[in-house]
Amino acid sequence: MSASELLREVPRVRQVPGEAARRWFSSTTMDLIFWLDERGQPFGLQLCYDVGRRERAITWEVDRGFRHDRVESGDNVHASHSMAPILLPAGGFDRDKVLQGFERAAASLPVAVRDFVRKVLSAWPGAPAIAAARPQRGCPPAQPPAGFFSRWWEY
């Protein structure tokens, strides 16, 4: 596996005022995004896989469970400009295949990050009972919480 296929944290991810803080890990074949509560703990994640081919996304949130979508890039050769990517319902989710690909791409991530993603994905298709709490609606931090750039998985 080449270095570009390993998930690496994206520095200085743009945080959107009024939305939950997030962290993003990326490679040439996958993107992994965590949504964080006020304490910097994850309450949801999205793993985009087969990036650059037939991209799909598995999304989990503590209070909503799972969703599996295909990613429509918004690139249309017949349009005069690109549009924003959108998520549309996808067919079946091959959990074992995605987990294998994640294991390869996550080799450079801290063990606790890999374990958390493994735990969530292994619970497909049910809603996992994972210790996490979604921030109250309308109350997510406008700015990253204190210590946001520290390693939350080491606490």
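1. Confidence first: this is a predicted model, with local features taken at pLDDT of at least 70, side-chain atom pairs at pLDDT 80 or more, and totals for chains, interfaces and linings over all residues. The protein averages a pLDDT (the predictor's per-residue confidence, from 0 to 100) of 80, and 74% of the residues score at least 70. Residues 137-155 fall below 50, yet that stretch has 41 contacts (heavy atoms within 4.5 Å) beyond near neighbours in sequence. Numbering runs from 1 along each chain as its sequence is written, and side-chain values use heavy atoms, without hydrogens or water.

2. On to the helices (DSSP runs of H or I, at least four residues, numbered from the N terminus). α1 (residues 95-105) packs on α2 (residues 111-122) at about 175°, axes 11 Å apart; axes are lines fitted to C-alpha atoms over the stretch in contact, and angles run from 0 to 180 degrees between N-to-C directions. So α1 is roughly antiparallel to α2 (over 145 degrees).

3. Who touches whom? Arg95, Leu99, Phe102 and Glu103 of α1 meet Arg114, Val117, Arg118, Leu121 and Ser122 of α2. By class, these contact residues are four nonpolar (Ala, Val, Leu, Ile, Met, Phe, Trp, Tyr, Cys, Pro), four charged (Asp, Glu, Lys, Arg) and one polar (the others, Gly among them).

Key:
Helix = DSSP H or I, 4+ residues; strand = E, 2+ residues; numbered from the N terminus. Parallel < 35°, antiparallel > 145°, perpendicular 65-115°, else oblique.
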